Amino acid sequence: MGKLKLKRPQNLSESFHSFVSKETWRKIQHKALMMFGMDYRSMALFRVTMALCVIGDVIERATDLRVMYTDYGVMPRHLITSRYSSNYFLPIHLVNTSLHFQAFLFIVHIIIAFAMLIGYRTKLTSILTWLMTISLQAYIGVVGHGGDVFFRMMLFLNIFIPTSKYFSWDSATFYQDLPSKRLNNNNNNFNIVNNIVTNNVIINNVINNNNINNNNNNNNNTNIPVINLSEPESPLQQQQLLQQQLQHDQQLILQQSSQQQQQDINKSEEVGIEIGSERGIEQKVIQPKRDPDSYRFLSFGTCAILLQIGLMYCTSYFHKSGEEWHNGEATFYALTLDYFATDIAKLFLYFRPALKILTLAVAKWELYGILFLISPIYSDWCRFFGAIGFIAMHAGFIMCLRLGLFFFVTAGAELINIPTTVWELFFDWTDKKILKGQQPTRVYYNTTSPISQRIALILKTYFIIPGHAVFSPLEKMLNNEDSISTSSPYLLSSSSSSSSSNDNSGSDTDDAERSHRRRTTNLSSPTISSTMFSTSVTTTTSKKDLVGDDWLVTIDSNGIRKRNIHALNYICSKSPLLFPLAMAFTHVPANMCMLFTKICQKIHSRSQQSLIMSGGKRTLYQKKKNPIPQTPRIYSILNNIWMLFICYFLFAYNMNIFDYSFGFQPTWHQFAYIFRLDQSWNMFSPSPPKTHWWHVIHGELDDGTKVELFKNEGMFNFQINTEVNFEKPDPFYKSYGNHRWFKYYENGYNQANSDSMRLEHGRYLCREFNKRHTGHEQLYKFSVFFVHEFQNLDGTVGPKNHFSLWDHICYDKKQI
């Protein structure tokens, strides 16, 4: 008998696919991408939000730069190094604690964060922003709070995800991407979408779904050539196929021109109408769309962000073990805290049943909300619902409680969970509001002018939605100006022509030019044969009609050309971010507009001269005219290995807090402190504080006058206040300043064994008060008292009690 021979798999992949079919494996990959992946645009928005939070945090801290971050203030260098510094991490800010050096570091911090915001060398600036932020947090650690912990974690994970794919200078390019081919969806409704680009204008041939094709069999028996999408073709093959498709579509339109009727296009394709006022042609423009999965990205970096968000909320839930979180009274106690409570919070205290419901809802949402972010069914909509739920929860917090940076970091971080479906709906809406069914605006920039190139690239990268404008060098305008809007084979006959009111409102120069274009057919009007859908369209343009020294030119869907400052204003009106500037520009007086035009023209001329004098230096156009190269795969592999370890470390670290080791070793705390991955989410845990506290500082002037130094913002204005008692400051929060000052007292000054901090605080108070007052009004001594009272559940408070925290003498009278 012969031996049974089994075919040995050549590799692991073949062995795996022998058990799992390719279709099943593809569905698994797609489901993982939907559950744990993130949209490139959401990651870019996350980068921008985190950078804005960094800038806002530094600016807020800068208001106390001299008081809190220099040797002159309440936290001098020797106090930090002796009592409040870590042995595992050396802050950069400790190198020099003078006012000028700290101001320099703050400015550098803002500049680096702004570079991260615009996506300039994103990976490097993200690392530097994270380093500067954790250095600043470690420098004065006593003023930190839970928002700072989550903040540094998000900045750390931001380094390891591709946030520069969109809305960044790193991805900015003059290269005009061809519309991507749509892949088959799971429902297989669409056979193919062939996108054709001719003369810088996108002409889209949409082959409808099976139902539409069946309805049109009687009218169209022509076979439509299909492009194979299984493997990418070479550029030459693509060009040949696109040309064949264009010729076929033109012939098909000629055959059907006598019986053109508007048809319903599948809902996933957007159809717009463009009206050409000069040509009397109504054009149907089908905007190209990409496969939604091409916007998604999945890595262990995205999993780490979802894990960190989940750990913060879930562990916070388990830390809330107090009875108040189970009977619904926790929110009541939180809203009675004098410093945190806002005016709206005081109003909510009258609705106790509603507060109980909110308490239970917040606790349960912290536990189960993360499940919506990783839902296997309706993944996009569940994730969007989860993100909105967390943002709404934090909006409720900030509406009732003063939490400083916490709201902006936590709510801003949820923007990374905006799914692809929501982005597509948003862009579809903007298409209807901005394009209004018309063809994209053509924007031409001057390749001999650096300022023109920068303006065009900035607009294209940050402010113009893709597909709303086509950017090209000015040299191409001569050949493309008149052929673009008339060469599309997708034309529907129209009995009348109209024009957009937005496009007709321009400058006197534009009106004169439009009139000249209508009178002179050999300059701007194409010669079209008597047949509306003729494949032969003849266009002639005079060279003298073009001005080669312009720094920006736009041509709208009606063929109306605008130049320089008017072109800039027009393209700004097409931006969802800049349109208010365009509206405001229409109200600028004519003389101011002329002055600004001359300034721009002068800058343009100077930039051209500097380019000539540079001796062949590469221009921005030469650097950015090609597609952005892909990152080597080895970096992606190493990044995923590192992020896989971080996922395990974060999970094990948080579980170790609840005495579940999962292999976590005590020595790993050193690793956490070095990279500032240490964290604990015990806010308002195990229950909100029930004790209200505040400070009073009773002082004595040189002449024996008794004064109050804390109330009425006494620690900031140092005015003489002779109303001395132990009542609460009114208004309460103004006496404590910002959230950092409140944490200074809560985390540092009120704690036991803090005499060294109280000594420096007393020295600072004496210096500042006596610098503003002389003679008998100088401060001789003072005492700091801690006053507290207990909050009862029925809304009443117990009697006030107080004790002295610190007694300080500013100077010895015998030596005066």
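**Loops and backbone**

I started with P731, which I found in the loop between α30 (714–717) and α31 (732–736). The bond that joins D730 to P731 is a cis peptide bond. I read omega there as about 0°. I kept in mind that this is a predicted model.

I then went to P686. Its place is in the loop between α29 (668–674) and β14. The peptide bond from S685 to P686 is cis as well, with omega near -5°.

Next I looked up R121. It has a positive phi of about 45°, although it is not a glycine. I located R121 in the loop between α6 (99–118) and α7 (122–139).

**Sheet with β14**

Which order do the strands take in the open sheet that holds β14? I traced β15-β14-β16-β17, 4 strands in antiparallel pairing. β15 (706–708) and β17 stand at the edges with a single partner strand each, so one side of each has no neighbour in the sheet. I noted an average twist of 25° from one strand to the next.

I checked the pairing of β14 (residues 691–701) with β16 (residues 779–790). The two run antiparallel, and 11 bridges join them. I picked out I697 in this pairing: it stands opposite V784 in β16.

Then I looked at the helices on this sheet. Helix α32 (residues 739–749) packs on it and touches β14, β16 and β17. The direction of α32 makes about 95° with that of β14. Helix α33 lies across β14, β16 and β17 too. I read its angle to β17 as about 65°.

**Disulfide**

I searched for disulfides with sulfur atoms within 2.5 Å as the cut-off. The count came to 1 disulfide. C766 and C810 form it, and their sulfur atoms are 1.9 Å apart.

Why is the disulfide of C766 and C810 left-handed? The torsion about its S-S bond is about -70°, so the disulfide is left-handed.

C766 sits in helix α33 (residues 755–772), and C810 in the segment after β17 (801–809). They are 44 residues apart, so I logged the pair as a link between distant parts of the chain.

**Sheet with β7**

I moved on to another open sheet of 4 strands, and here the pairing is mixed. The strand order is β8-β7-β12-β13. Its edge strands are β8 (469–473) and β13 (561–563), and each pairs on one side only. The twist averages 20° from one strand to the next.

How many bridges join β7 (residues 441–445) to β12 (residues 552–555)? I counted 4, and these two strands run antiparallel. R442 stands opposite I555 in β12.

I then looked for a helix against this sheet. Helix α24 (residues 564–573) lies across β7, β8, β12 and β13. It runs at about 115° to β13.

**Cavities**

I turned to empty space last. Rolling a probe the size of a water molecule over the atoms shows where such space is left. The structure holds 6 cavities of 30 Å³ or more. I took the second largest cavity for a closer look; its volume is about 60 Å³.

Which residues line the second largest cavity? I listed M34, G37, M38, D39, R296, D380, R383, I416, N417, I418, P419 and T420. The elements that give two or more residues to this lining are β1 (38–39) and α16 (379–400).

I sorted the lining residues of the second largest cavity by class. They divide into 5 nonpolar, 3 polar and 4 charged. Among the residues on the list are R296, D380 and R383.

Methods:
Residues are numbered from 1 along each chain as its sequence is written. This is a predicted model: local features need pLDDT of at least 70, side-chain atom pairs count only at pLDDT 80 or more; totals for chains, interfaces and linings use all residues. Side-chain values use heavy atoms; hydrogens and water are left out. Two strands pair if DSSP finds at least two bridges between them. Axes are lines fitted to C-alpha atoms, for helices over the stretch in contact, and angles run from 0 to 180 degrees between N-to-C directions. Contact means heavy atoms within 4.5 Å. On a 1 Å grid over the protein atoms alone, a cavity is a set of points where a 1.4 Å probe fits but cannot get out, and a pocket is an open set with protein on both sides within 12 Å along at least five of seven lines; lining residues have an atom within 4 Å of a point. Grid points are joined across faces, edges and corners, and a volume is the space filled by probe spheres set on the points. Ala, Val, Leu, Ile, Met, Phe, Trp, Tyr, Cys and Pro count as nonpolar, Asp, Glu, Lys and Arg as charged, and the others, Gly among them, as polar.
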